[in-house]
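Reader: I have a structure to read for class. May I go through it with you?

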Amino acid sequence: MRLIFLCLSFLFTLHSAELSYVGSSTIGKTVLPEFAKEFSKNYGHTFSRIENPGSGQGVDALLKDKTELAGISRAIEAKERALGLRFFIIGYDAIGVVVHKNNPVKNLSMEQLKGIFSGKIKNWSEVGGNNAPIIVVIETLADKRATQIVFTEIVFDTKVLVGTYSKEAIEVDAPIDEVNYVKSHPHAITATSMVFVKNTPEVQALSINDVEAIDKNIADGSYPISRPLVLVTKENLSTALMQFLNYVYSKEAQAIVAKTFVAVR
């Protein structure tokens with residue numbers, strides 16, 4: 001009888017494994033919770049932790065065996081490829097350049113964008129807007145969040161964060177804090193994932209180089225500030241994790257991605 005009980009316990013453990021995720025908040029606060037809910041419903045496996053300290057810290061946690069699944073919302077770095085990790089692109093996101101809905105400016109060139117965020121362009125009138133000081137809002141540079149890194153690499157062509165941005169830039173903790181700041185400050189500007197913009201009518205995303213941050217332009221690469229959304233694992237995958245990675249490419253899971261981002265399938 002005891003042997004039967006142990007066998008049943010073992011089978012149940014296999015059936016109801018626990019997974020964890022650490023990494024990008026762009027993934028972890030949007031599609032991942034919905035993935036986890038639907039995956040648990042269909043497969044019985046659950047996510048015991050979903051933590052969002054940022055892309056770099058997610059990879060570190062994976063390497064230190066503190067999680068089985070990490071998330072990065074930027075291009076995969078060469079040093080990461082050299083670590084023998086496995087990468088799964090699940091969708092694409094755009095970094096929107098966000099201003100208040102009442103700001104008359106609708107488009108900026110990449111050069112103007114660089115000038116504003118570096119502090120060289122200080123007044124909206126210099127780029128066709130009202131005579132008002134520009135308030136630059138960014139995520140805390142010391143946190144090295146993926147959104148800030150990607151934006152810096154594309155706009156400034158450098159990976160150096162500190163010293164690149166305006167000395168007057170206001171640093172906040174998270175993407176939603178950036179959007180909330182712009183909502184209540186008509187002369188502010190920030191750069192953040194479009195996921196935090198789409199359902200916020202008080203703000204608008206500008207066109208860059210006359211290209212809108214819409215799905216078609218993100219998918220074909222014409223919008224200049226876009227990035228992949230990537231799940232990362234080690235080489236040896238548990239059965240539960242293999243099932244989850246198969247699930248994220250299913251029609252149902254990609255429909256979840258498509259509600260917020262650009263799906264890959």
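Reader: Which residues of H7 are buried?

Author: Please note that this is a predicted model. In H7, the buried residues are Ala 146, Thr 147, Gln 148, Ile 149, Val 150, Phe 151, Thr 152, Val 155 and Phe 156. Helix H7 covers residues 146–156, and nine of its 11 residues are buried, so H7 is largely enclosed by the rest of the structure.

Reader: What follows H7?

Author: Asp 157 follows H7, and its phi is positive, near 60 degrees.

Reader: Is Lys 144 buried or exposed?

Author: Lys 144 has 57% relative accessibility, so it counts as exposed. The cut-off for exposed is over 50%.

Reader: What is the phi of Asp 210?

Author: Asp 210 has a positive phi of about 65 degrees, although it is not a glycine. Asp 210 is found in the loop between strand S10 (207–208) and helix H9 (215–219). With 65% relative accessibility, Asp 210 counts as exposed.

Reader: Changing topic: how many aromatic pairs are there in the whole structure?

Author: A search of the whole structure finds 10 aromatic pairs. One of them joins Phe 35 and Tyr 247, with 5.9 Å from centre to centre and 85 degrees between the planes, and this pair is edge-to-face.

Reader: Which parts does that pair tie together?

Author: Phe 35 belongs to helix H3 (residues 31–43) and Tyr 247 to helix H10 (residues 239–247), so the pair ties together parts that are 212 residues apart in sequence. Both Phe 35 and Tyr 247 are buried.

Reader: Why is the pair of Phe 39 and Phe 244 edge-to-face?

Author: The ring planes of Phe 39 and Phe 244 are at 80 degrees, with the centres 5.1 Å apart, so the pair is edge-to-face. The cut-off for that class is an angle over 60 degrees. Phe 39 is in helix H3 and Phe 244 in helix H10, so this pair ties together parts that are 205 residues apart in sequence.

Reader: Are Phe 39 and Phe 244 buried or exposed?

Author: Phe 39 counts as buried, at 0% relative accessibility. Phe 244 is also buried, with a relative accessible area of 0%.

Reader: Which residues form the aromatic cluster?

Author: One aromatic cluster is formed by Phe 35, Phe 39, Tyr 43, Phe 47, Phe 244 and Tyr 247.

Reader: Where is His 45?

Author: His 45 is in the loop between H3 and strand S2 (46–51). His 45 is buried, with a relative accessible area of 3%. Its side chain is joined to that of Gln 243 by a polar contact of 2.7 Å.

Reader: What sits over the ring of Phe 87?

Author: The charged end of Arg 81 sits over that ring, 5.9 Å from the centre of the ring of Phe 87.

Reader: Finally, the whole chain. How many helices and strands are there?

Author: The chain has 11 helices and 12 strands. Of its 265 residues, 51% are buried. The C-alpha trace spans about 80 × 30 × 30 Å along its principal axes.

Conventions. Residues numbered from 1 in each chain as written. Predicted model: local features only at pLDDT ≥ 70, side-chain atom pairs only at ≥ 80, totals over all residues. Heavy atoms only, no water. Phe/Tyr/Trp six-rings, centres within 6.5 Å; stacked < 30°, edge-to-face > 60°. Helix = DSSP H or I, 4+ residues; strand = E, 2+ residues; numbered from the N terminus. Buried < 20%, exposed > 50% of the residue type's maximum accessible area, 1.4 Å probe, protein only. Lys NZ or Arg CZ within 6 Å of the ring centre and 35° of its normal. Polar contact = N/O pair within 3.5 Å; in protein donor to acceptor, adjacent residues only side chain to side chain.
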